[in-house]
Amino acid sequence: MSDTEQNEQETQQEVEEQANIKLIQNTLAPELLKECINLTKKAFKTSRVEKDAASTIKKAFDERIFGSTWHCIIGKHFAVSVQFDTESFTFFKYNQHYVCLFKSEN
């Protein structure tokens, strides 16, 4: 197993050890994934509507990574087909909500 694969497995274990998180698919760097999860938790504490939580996460990532456009989808049931930058995608479950965050290709 390469160092990169081992680091990815360790990151996934850390994420899933956090309460109520189930990582489904991820290509984000570990620090971005942790930030996304922390933002998700904060957004759900301050927002009662999924749309508002998604908007909060999207805006934070738009501001953090200058010159890129991020999209965030949150819901209990949805299907999606998207094109995204191969290193900028995450999909996880937080409590009963699924969160899909990705950066569109330039």
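**Exercise 1.** In this predicted model, in which sense do strand 1 and strand 3 pair, and over how many bridges?

*Solution.* Strand 1 pairs with strand 3 in the antiparallel sense, and the pairing runs over five bridges. As background, strands of a sheet pair through backbone hydrogen bonds, which can be parallel or antiparallel.

**Exercise 2.** Find the order of the strands in the open sheet, then name the edge strands.

*Solution.* Step one: the sheet is open and has four strands, in the order 1-3-4-2, with antiparallel pairing. Step two: strand 1 (21–26) and strand 2 (70–75) are the edge strands, since each pairs on one side only. Step three: from one strand to the next, the twist averages 15 degrees.

**Exercise 3.** Which strands does helix 2 lie across, and which does helix 3 lie across?

*Solution.* Take helix 2 (residues 30–46) to begin with. Helix 2 lies across strand 1, strand 2, strand 3 and strand 4, and runs at about 40 degrees to strand 3. Now take helix 3 (residues 50–64), which lies across strand 2 and strand 4. The angle of helix 3 to strand 2 is about 155 degrees.

**Exercise 4.** Locate Asn95, describe its phi, and decide whether Asn95 is buried, partly exposed or exposed.

*Solution.* Asn95 sits in the loop between strand 3 (89–94) and strand 4 (97–103). Its phi is positive, about 55 degrees, although Asn95 is not a glycine. For the last step, buried means under 20% relative accessible area and exposed means over 50%. Asn95 has a relative accessible area of 37%, so it is partly exposed.

Definitions and conventions. Residues are numbered from 1 along each chain as its sequence is written. This is a predicted model: local features need pLDDT of at least 70, side-chain atom pairs count only at pLDDT 80 or more; totals for chains, interfaces and linings use all residues. Side-chain values use heavy atoms; hydrogens and water are left out. Helices (H or I, at least four residues) and strands (E, at least two) are DSSP runs, numbered from the N terminus. Buried means under 20% relative accessible area, exposed over 50%, partly exposed in between (1.4 Å probe, protein chains only). Two strands pair if DSSP finds at least two bridges between them. Axes are lines fitted to C-alpha atoms, for helices over the stretch in contact, and angles run from 0 to 180 degrees between N-to-C directions. Contact means heavy atoms within 4.5 Å.
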